[in-house]
Number of protein chains: 2
Amino acid sequence: MQSLSVNLGERSYPIIIGEEIFNAELIKPYIHAKQVMIVTNDTIAPLYLDALKACLSDYQVDVVILPDGEAYKDLTHLNLIYDGLLAARHNRSTTLIALGGGVVGDMTGYAAASYQRGVNFIQVPTTLLSQVDSSVGGKTGVNHALGKNMIGAFYQPQSVLIDISVFDTLPARELSAGLAEVIKYGLIYDQEFLNWLEAHLDELMAKQSDVLIEAIKRSCEIKAQVVAQDEREGGIRAILNLGHTFGHAIETHQGYGVWLHGEAVAAGTIMAMRMSERLGWISEQDVARAINMFERASLPVTPPDNMSRDDFMSLMAVDKKNLDSRIRLVLLKNIGEAVVTSEYDPAVLNELLDELCL
Amino acid sequence: MQSLSVNLGERSYPIIIGEEIFNAELIKPYIHAKQVMIVTNDTIAPLYLDALKACLSDYQVDVVILPDGEAYKDLTHLNLIYDGLLAARHNRSTTLIALGGGVVGDMTGYAAASYQRGVNFIQVPTTLLSQVDSSVGGKTGVNHALGKNMIGAFYQPQSVLIDISVFDTLPARELSAGLAEVIKYGLIYDQEFLNWLEAHLDELMAKQSDVLIEAIKRSCEIKAQVVAQDEREGGIRAILNLGHTFGHAIETHQGYGVWLHGEAVAAGTIMAMRMSERLGWISEQDVARAINMFERASLPVTPPDNMSRDDFMSLMAVDKKNLDSRIRLVLLKNIGEAVVTSEYDPAVLNELLDELCL
């Protein structure tokens, strides 16, 4: 078992990573009253719900089971969580537990942020992607028909409990999607970690426990360090979004859930790196190296072939990371060093999209 | 023009009260970028929207007009605000302006709290109730079919701008509803203010400007002092809810909007005072004095005659102010001194409801 702390003053919390997390003694310290609401989805519930409930025999435990998928990350399905809480008369001292991937975590976190103006919650992420990304840092929310994550809150959990035994049942495609974010941490923040990942990528794809724990821990550490500097994304936190501006455009255009988030981030990261290369900041070899790593992780490295330049420009203009409607991008100055900038010749972005799109 | 400050550290903000608030120089300091979204309702828009827009000629101004009434304070109508923001491509630096009463203020505040995980907003309350209560203190949110204000956030505005010229068009019934909360401040916190109100109630009912400004200012001061001690309602802030536990039950039972909030608070306050009298804390004369004041302000002092004891017990059990499902009540130890407590003989509450209900 390994642990680390996300340092946010009075909102600090631990991340615990290990193989036997469905354990009453581990969970109980983070529940402060009698009521618990587990929120999960119809894929995860048959696999892990009983194990989690077995840890909580001392509590009033209620359950909301959502349909699985990004397509259901909306206000309508968020309301099912409120319905469940109110029907079972949960009060302000209740604790919500998010048992699932990023969608369940984001929705449960936002339900916790907004139910009776804020109750406690615990993250139990069951995908690699949510373990290394969405469960850490307090971004919660749902999608709107006109944009991804447009409704939400910054809201921190009491703890994040990561059980790597969930990889026994994680589909290969979701393992890959998670590795996209893991590789991203190396690219934006830590060249040494990137080297380590390059050396251990085959073991990660083979789900070797010790290598997985190390990769998750280092990813969470990097995210926690960045978030601690900038909880509400006024500045540096935005570097975590390498590949996400392009990636969100891809996800929105294709329809939520058609491309996995990590897949869109992989393709978007290569787009951002090609842009960085055009600006003369990184080399063709740097881009080729990232393409090679993503391909070894079975991830896409080009945008979908049905997207035009105008599709990208139109969808990126409502992206949250834009100030005063200028398209700000996360780019790489070097491997291991990201910047957030709108200070580039717009023609370069046009040329890039012309080259890559239909 | 008068002003005061709500002291909440980095979330502090001013309340400005006067007769010419629709004034560009007053509003502009609280808008930090080019986009502004005015949220109002179909009663207020014909009266004040043009005047407000005239102050904002330097900005991209968009407008969302909601149907008027508590019945529309729900997720469905909240979504109209998100729709408007996204359709007009408002970004994270936008400013929302709530032009209307408590419903518009609560919904706009919550839209601001949750749009792109939080944008700025300004309160321009147009009813006495919202000026002295909901616009101050950062409680925002919407109702759920199973309970009032069950979905929301603590989120502070950039400023509150109170123009008392709106009383020219405020219906008498809404003036009365606001006075319920004004009288409440005297009852819970300030016997001297209660004496002053008793002496000036007729002038308030006649909408005398200087008396109105004084009553609004002192009410906001009391609320600001209480909120500054306890922003997230862990303790003392709950005293502001005198009459609200009973009152919310009345509003929910009758259907939102049938009784005005202030009307339900007036009847609920007398119920809480009768309970305090039964516990031996205040005298029959104290209760009679409050009844007299509410009646002079044309407010109800008894619950609706179609509500049973069980209606109250059932509806109060999901009230947000309950910890572990015990019915906590705000009661008066003395005139000017409220307490929040569940330490009373439950038989006393039963007897009270038996006496007052069908």
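These legends accompany close-up views of a predicted model. Residues are numbered from 1 along each chain as its sequence is written, and chains are lettered from A in the order in which they are written. Local features need pLDDT of at least 70, side-chain atom pairs count only at pLDDT 80 or more, and totals for chains, interfaces and linings use all residues, while side-chain values use heavy atoms, leaving out hydrogens and water.

View 1. Let us begin with domain 1 (2-168) and domain 2 (172-356) of chain A, whose bounds come from an automatic or database domain assignment. Their centres, taken over C-alpha atoms, lie 25 Å apart. Domain 1 of chain A brings 37 residues to the contact and domain 2 of chain A brings 36, where contact means heavy atoms within 4.5 Å. Together the two domains bury about 3,100 Å², with 66% of it on carbon and sulfur atoms; this is the accessible area (1.4 Å probe) that two parts lose on being put together, summed over both. On the side of domain 1 of chain A, the most area is lost by A:Val132, A:Lys148 and A:Phe154, together 20% of what that side buries.

**View 2. A salt bridge between A:Lys148 and A:Glu251.** Here the two side chains meet at 3.4 Å, N to O. A salt bridge pairs a side-chain nitrogen of Lys or Arg with a carboxyl oxygen of Asp or Glu within 4 Å. Between domain 1 and domain 2 of chain A, the count is four salt bridges.

View 3. You can find A:His144 in strand 7 (residues 139-144) of chain A, strands being DSSP runs of E of at least two residues and helices runs of H or I of at least four, numbered from the N terminus. Why does A:His144 count as buried? Its relative accessibility is 6%, and buried means under 20%, exposed over 50% and partly exposed in between (1.4 Å probe, protein chains only).

**View 4. Positive phi at B:Arg89.** Most residues other than glycine have a negative phi. The phi of B:Arg89, however, is near 60°. B:Arg89 sits in the loop between helix 3 (75-87) and strand 5 (95-100) of chain B, and is partly exposed at 34% relative accessible area.
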